[in-house]
Amino acid sequence: MTLELRNITKQVAGVCHIKPTNLLLKPGHFNVLLGETGSGKTSLIKLMAGLDPVADGEILMDGTNITALSTQKRNISLVHQFFVNYPHMTVFDNIASPLKLAGISGSELQGRVEEAADILQIRPLLARRPQELSGGQQQRTALARAIVKQSKAVFLDEPLANLDFKLREELREQLPVLFAGRGAVVVYATSEPEEALLLGGETALISDGRVSQFGPTSELYHRPNDFTSANVFSDPPINAAQITKTGTTAHLNLETSWELSGEAAALRDGVYQVAVRPNHVAPVQTQTACVPLTGTVLVTELSGSDSSAHFSIGEDVWVSLAHGVHSYEIGAAHPFYLDPSKCFYFAADGQRVA
Amino acid sequence: MARITLSQLRHSYLPRPTGPDDYVLKDIDLDWHNGGAYALLGPSGCGKSTLLNIISGLLEPSEGRIFFDGRDVTELPPEQRNIAQVFQFPVIYDTMSVYNNLAFPLRNRGVDEAVIKDRVTKIAEMLDVTEMLQKPAAGLSPDNKQKISMGRGLVRDDVNVVMFDEPLTVIDPHLKWTLRSKLKELHQKVRATMIYVTHDQTEALTFADQVVVMEDGQIVQIGTPVELFERPTHTFVGHFIGSPGMNILPCTVQNGQALFDGHPVVLEGPIVAGPAEQSGGLTQIGIRPEFITFGETGVPATVRKVADIGRHSVVDTLVGEFIIKVIVEGAAPAQGSAVHLRFDPSKTRLYRDGWIATKEPEAAE
């Protein structure tokens with residue numbers, strides 16, 4: 001099974017929503033679409049699922065052109081952000097509905113519904129109706145319906161976005177296991193960089209209706225090919241500033257500079273954009289995070305196990321993200337340390353040059 | 001602004017509750033100081049919304065009293081409690097301008113227009129919405145609409161408490177972070193008593209000076225963000241805070257020594273005597289993935305899965321049938337390889353029937 005997009009585009013009232021897109025999606029791993037709300041993830045899924053017509057281009061399933069086929073004929077499953085179940089049916093009938101449509105009945109139907117319910121741990125709930133379930137159980141029901149069908153492609157459009165944090169964590173671990181070995185192409189849309197990394201597989205970074213980069217998820221994170229890709233894959237947003245390169249030195253401002261090595265040192269002298277992820281700007285000096293930056297702390301944040309601080313250097317706002325609990329005094333000057341070995345450098349056109 | 005006291009609150013949606021399982025809130029005692037930033041954190045169904053509705057007066061508790069500054073308000077209707085609320089979905093008047101939306105709660109109470117102008121201008125400045133004031137609210141993006149909702153909650157300076165009920169649910173992750181920071185900043189400027197209800201740990205820990213963690217109608221820990229992370233007093237807190245949460249491993253105790261899968265485990269301090277040791281209650285070891293390292297010696301394990309999440313890797317290891325998660329920065333061991341796990345003793349706790357049962361070592365003089 002493969003799903004291939006060849007130069008597909010989408011237009012709404014003459015405005016281009018999806019720019020020419022080429023993707024070859026394979027089974028055996030998750031294909032993640034990562035981008036902010038409004039970037040075009042759902043639009044792309046709708047095109048692939050046949051819910052919206054393409055303005056141009058072709059969609060191929062296993063090499064067969066399916067561009068003109070209706071959704072019903074594409075043999076796909078779709079799970080939305082909002083839990084979609086039939087309210088008047090029991091959980092059993094909800095899961096069974098695609099099988100009934102396919103003309104399956106009797107013990108085969110029973111067996112397949114129970115198998116899907118077992119995988120999603122909702123077997124004790126089969127006799128209930130959706131409104132008697134928690135959000136997580138409702139979404140499990142929708143997922144069970146998506147897997148019972150054994151379709152060729154499964155589209156999961158931010159399926160965990162409306163669930164509790166911990167439940168999201170749990171289901172996110174189960175999902176890849178669920179689809180492993182099924183041979184279907186799994187497409188998963190998310191707006192959270194960390195979710196993409198946890199799911200692994202391959203990722204297409206989407207920004208403004210365009211795929212800025214596609215490839216193995218962690219490779220994209222570590223080696224973005226342009227500034228857009230580096231930023232889409234960063235939450236909080238990546239730190240960016242201008243530097244002037246002279247010789248083998250990068251000058252951020254009058255106080256701050258660092259020595260360049262490798263590709264960066266070989267660049268022609270001039271002005272570049274530097275970007276460094278918040279986790280490579282540390283609140284304490286280490287062997288690698290060694291270039292001091294002094295900023296004024298604006299805001300601090302604490303997640304379960306990480307601390308972040310937003311600080312200003314002149315006009316620019318920077319973010320530092322560190323393991324553990326660090327305390328900062330808001331409004332005070334605080335030293336931060338940049339790791340020069342983790343910096344990305346971009347030319348004026350946004351392409352990464354080092 | 002007021003100090004809020006909840007005394008022996010219990011609530012059941014059933015007319016004649018019989019056992020503890022019939023109560024969605026089980027014995028809640030809380031004291032919230034004037035001007036504090038508090039969060040109520042817990043999963044769906046833990047009772048946090050019920051508690052919020054009891055504070056706002058939408059619901060009368062089955063048992064117990066609520067006091068604002070020592071005054072019993074248990075039977076007062078919501079409109080007499082003088083509370084501002086911000087909900088999950090923006091509540092604004094689409095037909096009005098942003099200015100009129102912000103002015104609305106004040107006009108409702110007959111506040112002088114000059115005072116209104118002053119308050120609205122100040123709040124708009126704090127929220128960075130000054131340039132939108134004259135625009136119709138209808139055309140705003142969802143995050144700006146929610147900002148205006150927040151502004152409406154904050155514009156009055158005579159409320160007893162401002163309550164936020166999952167206010168960032170509809171906001172895009174990239175914008176959540178600015179709004180999260182904004183709320184904290186607002187609290188520091190306004191210094192009103194604020195209660196923030198959420199299931200999201202980052203929102204709770206970022207916003208609040210003190211977090212109340214709830215599970216199954218009970219308060220399982222009240223603490224600062226540092227306390228909740230460093231030393232959870234209940235396994236639920238260990239699991240719920242942190243991502244991934246604390247590893248909770250079954251263990252046995254023999255002569256004051258904890259054993260996990262046959263391996264002796266050194267704990268932070270001595271085990272507190274309890275009935276469970278005799279009665280055979282459930283004992284577990286709690287250790288966060290951040291506090292486990294790979295070494296030459298330690299508990300033997302095999303690497304089941306490695307997830308490179310960019311700034312670190314989450315390594316799933318297998319000891320017998322148990323999965324233990326380890327966070328490593330830098331190089332992670334390969335999938336399938338044999339490793340040894342070392343637990344940092346000062347961060348390793350014993351829990352008995354869910355509650356912490358090790359004594360913290362005395363601080364050095």
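Mentor: Residues are numbered from 1 along each chain as its sequence is written, and chains are lettered from A, ligands from 1, in the order in which they are written. In this predicted model, local features need pLDDT of at least 70 and side-chain atom pairs count only at pLDDT 80 or more, while totals for chains, interfaces and linings use all residues.

Trainee: What makes Gly262(A) exposed?

Mentor: A residue is exposed if 12 or fewer other C-beta atoms, placed from the backbone, lie within 10 Å of its own, buried if there are 20 or more, and partly exposed in between. Gly262(A) has 8 such atoms within 10 Å, so Gly262(A) is exposed. Gly262(A) is found in helix α9 (residues 262-266) of chain A. The C-alpha atom of Gly262(A) is separated by 8.3 Å from that of Ala354(A), 92 residues apart along the chain.

Trainee: Why is Glu158(A) called buried?

Mentor: Glu158(A) has 21 other C-beta atoms within 10 Å and therefore counts as buried. Its place is the loop between β7 (153-157) and α5 (165-179) of chain A. Over chain A, 43% of the 354 residues count as buried.

Trainee: What is the phi of Glu158(A)?

Mentor: Phi is near 45° there, a positive value in a residue other than glycine. Most residues other than glycine have a negative phi, and most peptide bonds are trans. Asp62(A) also has a positive phi, near 50°. Asp62(A) lies in the loop between β4 (56-61) and β5 (64-65) of chain A. With 11 C-beta neighbours inside 10 Å, Asp62(A) counts as exposed.

Trainee: Which residues does a cis peptide bond join in chain A?

Mentor: The bond joins Asp235(A) and Pro236(A), with omega about 0°. Pro236(A) is in the loop between α8 (227-232) and β11 (239-246) of chain A. In chain B, a cis peptide bond joins Ser243(B) and Pro244(B), with omega about -5°. Pro244(B) is in the loop between α8 (235-240) and β11 (247-250) of chain B.

Trainee: What makes a set of residues a nonpolar core?

Mentor: The set must consist of buried Ala, Val, Leu, Ile, Met, Phe, Trp, Tyr and Cys residues joined through C-beta atoms within 7 Å. The largest such core has 88 residues, and Ile95(A), Ala144(A), Phe155(A), Val186(A) and Val187(A) have the most contacts inside it. Helix α4 (residues 135-148) of chain A gives the most to this core, with six residues. Another core, of 71 residues, lies apart from it and includes Ile83(B) and Met150(B).

Trainee: How do you know that β11(A) and β14(A) pair?

Mentor: Two strands pair if DSSP finds at least two bridges between them. β11(A) and strand β14 (residues 270-276) of chain A have seven bridges, in the antiparallel sense. Ala241(A) stands opposite Val274(A) in β14(A). Both strands belong to an open sheet of five strands in the order β13-β12-β11-β14-β20 (chain A), with antiparallel pairing.

Trainee: Why are β13 and β20 of chain A called edge strands?

Mentor: β13 (257-259) and β20 (344-346) of chain A each pair on one side only.

Trainee: How many residues of chain B are in contact with chain A, and what makes a contact?

Mentor: Two residues are in contact if their C-beta atoms, placed from the backbone, lie within 7 Å. By this rule 31 residues of chain B are in contact with 28 residues of chain A. α5(B) gives the most to the side of chain B that touches chain A, with seven residues.

Key. Helix = DSSP H or I, 4+ residues; strand = E, 2+ residues; numbered from the N terminus.
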